[in-house]
Every structure is written in structure tokens, then in C-alpha cells.
Amino acid sequence: MVRLDGAGTPEATWRTWEAPSAWPDFGFGAPGRVVVVAPHPDDETFGVGGLLHDLRVAGWHVEIVAVTDGEGSHPGSRTVSPAALVGRRAAEREGALGHLGLDTAPVHRLGLPDAQVTAHEDALTELLGGLLPGTDLCLTTWAHDGHADHEATGRATARAAAGVEVLMVSFPIWMWDWATPEDPRVPWARARRVTLSPAACTAKRAAAQMFLSQTQPLEAGRGDATIVPPGMLAHLTRAWETLLT
Ligand SMILES: [Zn+2]
């Protein structure tokens, strides 16, 4: 497992890399039902929030599957309990979805334990098998993203989607921190570019500001450090998003 502290490859380095501007667009086809499987409350927004905004405008029906409630983000906190984080993070997601025009999008909360999705991968696969039928496109975290929950969710979703013959596409989150341009660990040939509308860019940036429990220290001291620091936010609020087919 790589170190995930947001102090990895700076956005300025990614910006100098010209390859992404030549990545093919992802063809979305006629509007249908899109389901995003998010390990934590915020992955749907940081990964594909702009895309979801634009798909909804285009007439797609958007649903979110929340694998965990994100109660494990501050295990050493002396100020915020896991139970308090559940409510706080759900409210942050609600605010973010509102900015994205998705305030009426169903959110299916599965309640699996945060930071332990790997141990519940089979259960997740089964739960998704009941939720995915009738879906035209399923989006989830990349199975090699470098974060155990993201990887387990990516694997389980792939199995479930294959079982019900639903098209599944991944999106990277932490990869932008640990990888570098042309990094051989990343299947760049499978990368697809999603150019966001100006409205989607604005909405996504506003939505990203909702996740204060992750983007700001809860309170000074051990265990309350920032989870998603400014360097990561810069990767995740570009005017385009990335899918891996
Ligand atoms: Zn996450």
C-alpha cells in the first residue's frame, strides 16, 4: 500500500503533462440509469461529481450507493466520535449533492464498516447484485487506487456488475497523489476524458467545499489531521474528470 497523505505529485506537475488532452472522450449514449458506488461519503463527488451533474442535465437518472458511512476517517480523534462522523459526513454529502443538482438522487446506505471493506467484499458483491439490475452504467473507484476500501469496492463492484451484465467503469482518486505522468503502474491506454461543462465545474467546486470534515482539520492535535489536503483537492476539482474503462 502506498502512502496517502496528499503530499505526492503536485497538480502543477500533472498540468505540464499533455497526454490527457488527447485521451478519447467516453461515449455516454442515450440517457439511462447511472449508479455510483462510493466507498466513503465524498468519493462520488471528488471522483465524478461534475460528470453526474452533466448526466443529470442530459436526462440521466442518478443513484448513489454509499458503501460505508465514513465513520473511520479520524480513528484517533479526541473531539469527534465515529458516531458523530456518520451524521456529519452524511450531511456533507447531502450538501454536495445539492450543489450538483442531485438533491433528489436516491442514496443507498449499505453501512459496511469504514476501513474494513476488504473483509466484507463478498457481502458487498451480494448487496450490489441486488441493486445493479436495470442499470445502464455503473461507476466506482479504481481497483488499484492505493486505498484498501477503494480497491475492495472496485473489485466487488466489478464482480457484481459482471454478474448482472452491467457496464462498469472506474475512476481514480488517490492515484493522482501517488502516481506520476506516464507511470507504468497506471493503465493510461484505458483512460477516457470527461470534459465538464462550465456549470458542472462551478457546481463541483462548490460541492467539494462541503466536505469540511475531510478538507479541514477537525481540531488541532493528533488524530484530527486533514484527510484530503489542498494538493488532493486540486487534482479533484479540475475542469475535466478521468474514467478508466
Ligand atoms: Zn474514499
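Visitor: Is glycine 49 buried or exposed?

Guide: Buried: in this predicted model, glycine 49 has 29 C-beta neighbours inside 10 Å.

Visitor: And which helix is glycine 49 found in?

Guide: Glycine 49 sits in helix H2, which covers residues 43-57.

Visitor: What does glycine 49 touch, not counting residues up to four places away in sequence?

Guide: Glu44, Ala96, Leu100, Lys204 and Ala207 are the residues glycine 49 touches on that count. There's also alanine 203, which is 154 residues from glycine 49 in sequence, with 8.4 Å between the two C-alpha atoms.

Visitor: OK, H2 and H7 then. How do their axes cross?

Guide: At roughly 140 degrees, and the two axes come within 9 Å. H2 and H7 are therefore oblique to each other, and their crossing is right-handed.

Visitor: Which residues of H2 meet which in H7?

Guide: From H2 you get Thr45, Phe46, Gly49, Gly50, His53 and Asp54. Facing them in H7 are Ala200, Cys201, Ala203, Lys204, Ala207 and Ala208.

Visitor: How do the residues of that contact divide, nonpolar, polar and charged?

Guide: The contact of H2 with H7 has six nonpolar residues, four polar and two charged.

Visitor: Staying with H7, where does proline 198 lie?

Guide: Proline 198 is part of H7, which spans residues 198-208.

Visitor: Where is glutamine 209 found?

Guide: Glutamine 209 belongs to the loop between H7 and helix H8, the latter being 212-215. With 15 other C-beta atoms within 10 Å, glutamine 209 is partly exposed. Glycine 95 is 114 residues from glutamine 209 in sequence, yet their C-alpha atoms are 9.3 Å apart.

Visitor: Switching topic: at what angle do H4 and H5 pack?

Guide: About 40 degrees, with the axes of H4 (residues 121-131) and H5 (residues 148-163) 8 Å apart. That angle makes H4 oblique to H5. H4 goes past H5 in a right-handed crossing.

Visitor: Which residues make the contact?

Guide: On the H4 side, Glu121, Leu124, Thr125, Leu128 and Gly129. H5 brings Ala152, Thr153, Arg155, Ala156, Thr157, Arg159, Ala160 and Gly163. By type, the contact of H4 with H5 has five nonpolar residues, five polar and three charged.

Visitor: What about the largest nonpolar core, which residues touch the most other members?

Guide: That core has 52 residues, and the ones touching the most other members are Val36, Val37, Leu52, Val65, Val67, Leu128 and Cys138. Leu128 is also one of the H4 residues in the contact with H5.

Visitor: Which residues is cysteine 138 in contact with, leaving aside its neighbours within four places in sequence?

Guide: Cysteine 138 contacts Val35, Val37, Leu132, Thr157, Ala161, Val166, Leu167 and Met168. Of these, Thr157 turned up in the H5 list too.

Visitor: And Val67, how far is its C-alpha from that of glycine 111?

Guide: The separation is 6.1 Å, for residues 44 apart along the chain. Glycine 111 is in strand E3 and counts as exposed, with 12 C-beta neighbours inside 10 Å.

Visitor: Backbone check. Which residue other than glycine has phi near 75 degrees?

Guide: Alanine 115, whose phi is a positive value. Alanine 115 is placed in the loop between strand E3 (107-112) and H4. That alanine 115 counts as partly exposed follows from its 17 C-beta neighbours inside 10 Å.

Visitor: And what is phi of glutamate 182 near?

Guide: Phi of glutamate 182 is near 70 degrees, again positive in a residue other than glycine. Glutamate 182 lies in the loop between helix H6 (175-178) and strand E6 (191-195).

Visitor: Is glutamate 182 buried or exposed?

Guide: Glutamate 182 is exposed, since it has 9 other C-beta atoms within 10 Å.

Notes: Residues are numbered from 1 along each chain as its sequence is written. This is a predicted model: local features need pLDDT of at least 70, side-chain atom pairs count only at pLDDT 80 or more; totals for chains, interfaces and linings use all residues. Axes are lines fitted to C-alpha atoms, for helices over the stretch in contact, and angles run from 0 to 180 degrees between N-to-C directions. Helices (H or I, at least four residues) and strands (E, at least two) are DSSP runs, numbered from the N terminus. Angles under 35 degrees count as roughly parallel, over 145 as roughly antiparallel, 65 to 115 as roughly perpendicular and the rest as oblique. A crossing is left-handed if the near helix is turned anticlockwise from the far one by less than a right angle, and right-handed if clockwise. Two residues are in contact if their C-beta atoms, placed from the backbone, lie within 7 Å. Ala, Val, Leu, Ile, Met, Phe, Trp, Tyr, Cys and Pro count as nonpolar, Asp, Glu, Lys and Arg as charged, and the others, Gly among them, as polar. A nonpolar core is a set of buried Ala, Val, Leu, Ile, Met, Phe, Trp, Tyr and Cys residues joined through C-beta atoms within 7 Å. A residue is buried if 20 or more other C-beta atoms lie within 10 Å of its own, exposed if 12 or fewer, and partly exposed in between; C-beta atoms are placed from the backbone.
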